[in-house]
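Biologist: I'm new to this one. Could you walk me through how to read it?

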Amino acid sequence: MRIRVDTELCQGHGRCYMLAPDLFEADDDGYSQPTAERPVPSELADQARRAFMNCPEDAVILTEETS
Amino acid sequence: MTDAAPDSHYTLERPEEAVDPQSIYRDLRDNTPVVQLSGRSTTGTLTISRHEDVMTALRTPELFSSDSSAVQIGNTRPLVPLQVDPPHHSKHRKALDPLFAPKQMVKYEPRVRELIRELIDEVADNGHCNFHDDIAEPLPSTIFVELLGLPVSRVDEFLALKDGIIRPPARSLEERYEMVKATGQKIYAVLEEVVEARMAERQDDFLSTIIDAKVDGQPLSRDDVVDIGYLFFLAGLDTVSASLDCIVAYLAQNPDHRQRVADDPAIIPHAIEELLRYESPVPIVPRITTADTEMSGCPIAEGSRITVLLGSANTDERVWDNPHLVDFDRESNKHLGFGGGVHRCLGSHLARMELRVALEEWHDRVPDYRLADGLELRYSPGIRQVDNLELVW
C-alpha cells in the first residue's frame, strides 16, 4: 500500500492528520504534509484507509499493491 | 436536451422550513436538482442540491465565482479573501492561513477553556439555561473579538451589527437591502477606527499581524485590512455559535448520543464532524456564474446567482451510506460542513477547537440534560442558530 497527497486538490480541511496522525501532520499553514508518495507500514494501513475515506476533496491517493 | 430551471414552493427562508431542512433537501435533490426557490431574497437565484453539482461549483471557481456580486451582505468592496477569485485569492489566503493553522489554535485553547468554564459556572447550579444566550453566543464572540483585537467591552454592539447583516428584520427585498447597507457602513466605521489605531500602534492581535503581512512582498493597504476584518466580523461572530446550538440541540433530543459524548470525551471530535455533516449549521454558500453552463440537465445562464446547498450535499443518498443516520463511528465522512475548494472555511480549525473544548467542558459539568418541557425549537433560516435553546437538568 502506498499513499500520497495531491497538492492541487488539498485545501487544508485537516481530516487526514486528524484521523491518521502517524502518517500526516499539519504544516504551518494547516495543509497536510508530507505529500510525496511513500509506502505505508502495515501497522498503519487502517489509518491510511481512514485518511483516504474522509478527505472531502479526494486529495489523499491510496494505491493498494496487488503483488 | 435541456429544460429551464423549474420554480419551487420552497423558500428555505421560513422558520418552519429551517427545523427539518433535510427533508426539503431530499425533495429538491430527487425532483428539482436545479431550481428557482420562492421567497423575498432568493428571487432570480438558482439553487443546486446534488453532491456532484455542489462539488463542481466549489471546485470550479473560474466558472462559479465567489466575487462580491454573488451575495449582498452590506459591503461596498469585496471581502478578502472570500469574495476574491483565483489567482488573487491564493495570495491573500496564503498570508492568512498561518493565523488560523492548527499549530496556532493550540495556543488559544487554554483561554477558550477558561472562558467556557466561567460561562458554565454561571448556570451549572441553576438546573436550567438558555444555551444559546448563556453559552453558544458569548463563547465564540468573546474569543473572536479578543483574537481580532476589537474592544471586548463592545461585544454586544458587534453582535447586534452582525445580526443586522445576517438576520435583518426586513419585510421586503428593498427594505432588506437598505438595512443591510446601513449596517455595513457602521461595521466599516468600527473597523476603520480600530485599524487606524493598530496602524499607529501594534498590539498582540490578528489585526496587527495582518497589518504587517506581505502579499507579493508588499504590505496590505488600509482598505485591504478593513476588508479582511469585515469578513472575519461576520464569519467569526455567528457560525460557531450556530454550530454549538445545532450540536447541543441534537444531543439534548437524542439521549443515547448525548450519553456517549458524556461517557467518552474521546468521541467528541468525531461527534462534531458527524453533526456538522448532518446538521450543516452553515448550509449555504453563494456563487455567481461567469459563463453559460449546465447542471443536472438544466441550462444555467452567465451571471446567474447560485445558492450552493452544502447541507443537501451532506445528506445526498447518491454518495452517502445511510445519510439520515447520525453515526459517530461513520467510516467515511467527506462532509462539506466547512465548504470545499479554494474557499474552504479559513476559520475551520478555530471552530473545531472551540466546539471540542466547549463540548468537553459542558459534558463534564452538565452530562445529563434535555430540552425544557413542551419546547419547540426555533432554527433560523440561513445560518442555523437556535435562539430558544432552553435546557433543563
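Modeller: First, the ground rules. This is a predicted model, where local features need pLDDT of at least 70, side-chain atom pairs count only at pLDDT 80 or more, and totals for chains, interfaces and linings use all residues. Residues are numbered from 1 along each chain as its sequence is written, while chains are lettered from A and ligands numbered from 1 in the order in which they are written.

Biologist: Which helices and strands does chain A have, and in what order do they run?

Modeller: Helices (H or I, at least four residues) and strands (E, at least two) are DSSP runs, numbered from the N terminus. Chain A has two helices and five strands, and from the N terminus on they go β-α-β-β-β-α-β.

Biologist: What is the strand order in the open sheet of chain A?

Modeller: Strands count as paired if DSSP finds at least two bridges between them. In chain A, three strands form an open sheet in the order S4-S1-S5, with antiparallel pairing. S4 (38–39) and S5 (60–63) are the edge strands, each pairing on one side only. S1 (residues 2–5) of chain A is joined to S5(A) by four bridges, and A:Arg4 has A:Ile61 as its bridge partner there.

Biologist: Where do side chains point in a strand?

Modeller: In a regular strand they alternate between the two faces of the sheet.

Biologist: And which helix lies across S1 and S5 of chain A?

Modeller: For angles, axes are lines fitted to C-alpha atoms, for helices over the stretch in contact, and the angle runs from 0 to 180 degrees between N-to-C directions. Helix H2 (residues 45–53) of chain A is the one, at about 135 degrees to S5(A).

Biologist: How many residues does each chain bring to the contact?

Modeller: Residues are in contact if their C-beta atoms, placed from the backbone, lie within 7 Å. Chain A gives 14 residues and chain B gives 19. The chain A side has five nonpolar, six polar and three charged residues (nonpolar means Ala, Val, Leu, Ile, Met, Phe, Trp, Tyr, Cys and Pro; charged means Asp, Glu, Lys and Arg; the others, Gly among them, are polar).

Biologist: What about strand pairing in chain B, say for S7?

Modeller: S7 (residues 284–289) of chain B pairs antiparallel with S3 (residues 64–65) of chain B over two bridges, where B:Ser65 partners B:Ile288. S7(B) also runs antiparallel to S10 (residues 305–309) of chain B, with five bridges, and B:Arg287 stands opposite B:Ile306.

Terms used. Contact = placed C-beta atoms within 7 Å.
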